[in-house]
Amino acid sequence: MARTLLIDHIGELTTNDETVGEGIGGRIADAAVVIEGDHIAWVGRASEAPAADERFDAEGRAVLPGWVDSHTHMVFAGDRTAEFEARMAGEAYAAGGINVTVNATRTASDEALASNLNRLVAEGARGGTTTFETKTGYGLTTDDEVRSAKIAGEQVDAVTFLGAHVVPTGMSEGDYLDLVTGPMLEAVAPFVSAVDVFCETGAFEAEASARVLEAAAAYGLATRVHGNQLGHGPGVQLAVQHGSLSVDHLGFLADADIAALAGSWGTTGERRGTVATVLPACDLSTRMPFAPARALLDAGAVVAIASNCNPGTSYTSSMGFCVATAVLQMGLTVQEAVRAATLGGAIALGMHEDGWVDPRGNAQPSVGQVRVGARADLQLLDAPSVTHLAYRPGMPLTAAVWKAGERIA
Ligand code: NIG
């Protein structure tokens, strides 16, 4: 029998289950949760909670699911302080800076890359993140992409192959596309669950991006797209046409893009649509327009919020900061932003339903929600409600974090 832990005296519990609580957050006042081993065994009113082996008193504070950070690039070496300074002095962001990080990453040892990743994962966990996706994409040789994927797989929940990040210096696009859709993909495929492509002028145009997505599908891998980050473009439409799990960035959307993302969910449930992932810290840090998250939600799209932690465009792992920015700058309510940063991210990773087996044959837990059977990923705020995440922006409100039932912060 696994150890049970009762967390009670929860002032406000966000479940993301509208059938058990109030509003889109499925909020329950005066609540309790019982964890059994690595999963949630009971959720409800504190007055009705069963006994457990151990008890944690939340002292009237807010509990919510751990953040699901569904878009990061955390396997890298070096930083890009000089580029950031130049940007703050008026230069525009361009994809070319990626090759600076590629050069630093290629010369770094496995240990240095693992240790930097560990630092960022630990930092995110202290801020309440319990599920991390991360991408390769700063290696861009077969060996460097494979080692990036292996290093990531040791520390994060979902690994995405982003060989199609940019064409590396010294190669033609044609030769690199042959490599990234051929031998490189074949070598990396066993270590990843999805493939991503940076569909943008200066990276990969529509035709090249489609080739990457088709090659991924031939390997049975899920797909994602970096789209519409630097200007209007075909990224969203490509992602929807290819049934990608998510399309991320979205600073420049036409009405037809918003309609396509909303329409991708059809009327029969959430499994098959494309999540619109917005990256508020990246929009801020690159001084680009904020993605129209309000319009996306109003149209019926499923929205996720992620940190996009990387050294070029968004050097933060703080999901709390991203949630506050989404509320203060993108027009979301706190409930909407919290849901997008938890359940939204889980849907973007395909980790929201019980019993999903990823393309590598690994059964995945369900995350991003507080319901019986889900992985016991919870965070306690030093505040009475999630509203304080935006009401007190920038404050370190995370008081405790559990991942798979273990206290990690
Ligand atoms: O998601 N847009 C492409 N990739 C990263 C940035 C990478 C970089 O500049 O190092 C992003 O913002």
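Start with G44: it is buried, with a relative accessible area of 10%. Buried here means under 20% relative accessible area, so G44 qualifies. Please keep in mind that this is a predicted model. As for its place in the fold, G44 belongs to strand 3, which covers residues 39-45.

How far apart in space are G44 and H249? From C-alpha to C-alpha the distance is 36 Å, and in sequence the two are 205 residues apart.

Now the ligand. Which residues are closest to the ligand? They are R80, Y93, Y138, Q229 and T313, out of 15 residues that surround it. Sorted by class, that shell holds four nonpolar, 10 polar and one charged residues.

The side chain of Y93 has an N or O atom 2.6 Å from an oxygen atom of the ligand. For T313, a polar side-chain atom is 2.7 Å from an oxygen atom of the ligand. With H226, the distance between a side-chain N or O atom and an oxygen atom of the ligand is 3.1 Å.

How much of the ligand's accessible area does the protein cover? On its own the ligand has 330 Å² of accessible area, and the protein covers 100% of that. Where does the ligand sit, in terms of cavities? The space it takes is the largest cavity.

To recap: G44 is buried in this model, and the ligand has 100% of its accessible area covered by the protein. That is all from me.

Technical notes
Residues numbered from 1 in each chain as written. Predicted model: local features only at pLDDT ≥ 70, side-chain atom pairs only at ≥ 80, totals over all residues. Heavy atoms only, no water. Near = heavy atom within 4 Å. Polar contact = N/O pair within 3.5 Å; in protein donor to acceptor, adjacent residues only side chain to side chain. Areas by Shrake-Rupley, 256 points an atom, 1.4 Å probe, with all protein chains shown as cover. 1 Å grid on protein atoms, 1.4 Å probe; cavity = no way out; pocket = protein on both sides within 12 Å on 5 of 7 lines; lining within 4 Å. Sits in = over half its atoms within 2 Å of the grid points. Nonpolar A, V, L, I, M, F, W, Y, C, P; charged D, E, K, R; others polar. Helix = DSSP H or I, 4+ residues; strand = E, 2+ residues; numbered from the N terminus. Buried < 20%, exposed > 50% of the residue type's maximum accessible area, 1.4 Å probe, protein only.
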